[in-house]
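Work through the exercises below with the structure in view. Each task is followed by its solution.

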Amino acid sequence: MIRTIAPDVFRIRKGHINTVQTLTWYTRRLKAMSLSEIVWRVRNQFNDRVDRYLLDRRVRAADELVRRRNRRAAGQAELTALAVGAWSGEVAEREAHWCERLVARATRIAERRIRLFDLDECALGAPADWNRDLKHGIAAPREYAPSIDYRDFRVTGDCKFVWEPNRHQHLVVLGRAYRATGNIAFAEAVVTQLREWLDACPFGIGMNWRSPLELAIRLINWAWAIDLIRSSGALDAELYDRVLASVHLHVGDITRKYSYGSSANNHRIGEAAGVFIATLYFRELPDADRWRKQSFEVLSAELHKQTYADGGNCEHALGYHFFVLQFFTLAVVAARRADMDFPNAFNDGLHRVYTFLAALAEGGEALPMYGDADDG
């Protein structure tokens, strides 16, 4: 425990060492934990130490499972209904405006320039430097992921500036641009960046394997990006197998480390949404049915557990209300595209979450920003 908290306890803030605030925070956190949560955290620490020596074995196992996958189960889910090139000809003024903005942004992304928080034009690099805080120019260590102290700016830079590009939300923009226009260059840009990511981020190494929530968000974006470009032919069988093996490792890591206890909250919902969507789309994955059923149960339970009767989110923050609403909605959309639906009790609960938000939006130009928020 002391080794875990030491880097934060002695962090210099505004020219002096603030130990009281950090120690107070850790004391409150410990008081909020049940005995079962403490045991769970200790067990995770032990598992992390053991896993360090099992990385290669787990990679080989994932590769072998992909080779023996059920190919007949592939391609049954389609997340996107828009026909390829649907906006390339004569379209309504609104669609034409959307398409113009979409192509302009996708072109910048294909040129390896992305928006990153307050950076409107941030260069990814060629090849993309996935293990770097791109704002501060600090390279995060390519070490065993659980051993990296992502809270220490001196070690990783600002972890948000490492993680955000690796969520791969911008790959969905490229995929949308391909689907809307039929321009294969956008599909090829997705494939190029996926290949670079797999080369630079082997399983269990570096910041991009540090947080299960980050893995889950990346899975959601991979599912949509790949679905959007699947018909282009740009994603060859060899690369798809590499992606599928990585998806298997992503899902396996999340399900072994689902957030639990006093601070699970939106993380647990995001993790389950990532697993659910990934196993719904990449359904030829070994264990996909078991993982999908488990994540379905987690989503259903957490919607009711983390929502008040009026639809408000229990974290008392509008930012997190939006955050979990997006996860729940994406899971529902993916399920319906696969001719699957959540129980009526889940749909009714989700309706209350939307109704709460609609009530806040009534009669004003902006929503009241109460509670804390996360820049992600």
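**Exercise 1.** Locate D339 and state whether D339 is buried or exposed.

Solution. D339 sits in the loop between helix 14 (318-337) and helix 15 (344-361); helices (H or I, at least four residues) and strands (E, at least two) are DSSP runs, numbered from the N terminus. Its relative accessible area is 77%, so D339 is exposed (buried is under 20%, exposed over 50%, partly exposed in between, with a 1.4 Å probe and protein chains only). D339 has a positive phi of about 60 degrees although it is not a glycine.

The model is predicted: local features need pLDDT of at least 70, side-chain atom pairs count only at pLDDT 80 or more, and totals for chains, interfaces and linings use all residues. Residues are numbered from 1 along each chain as its sequence is written, and side-chain values use heavy atoms, with hydrogens and water left out.

**Exercise 2.** Find where N265 lies and what its phi is.

Solution. N265 belongs to helix 12 (residues 265-281). Phi there is near 45 degrees, a positive value in a residue other than glycine. At 29% relative accessibility, N265 counts as partly exposed. For background, most residues other than glycine have a negative phi, and most peptide bonds are trans.
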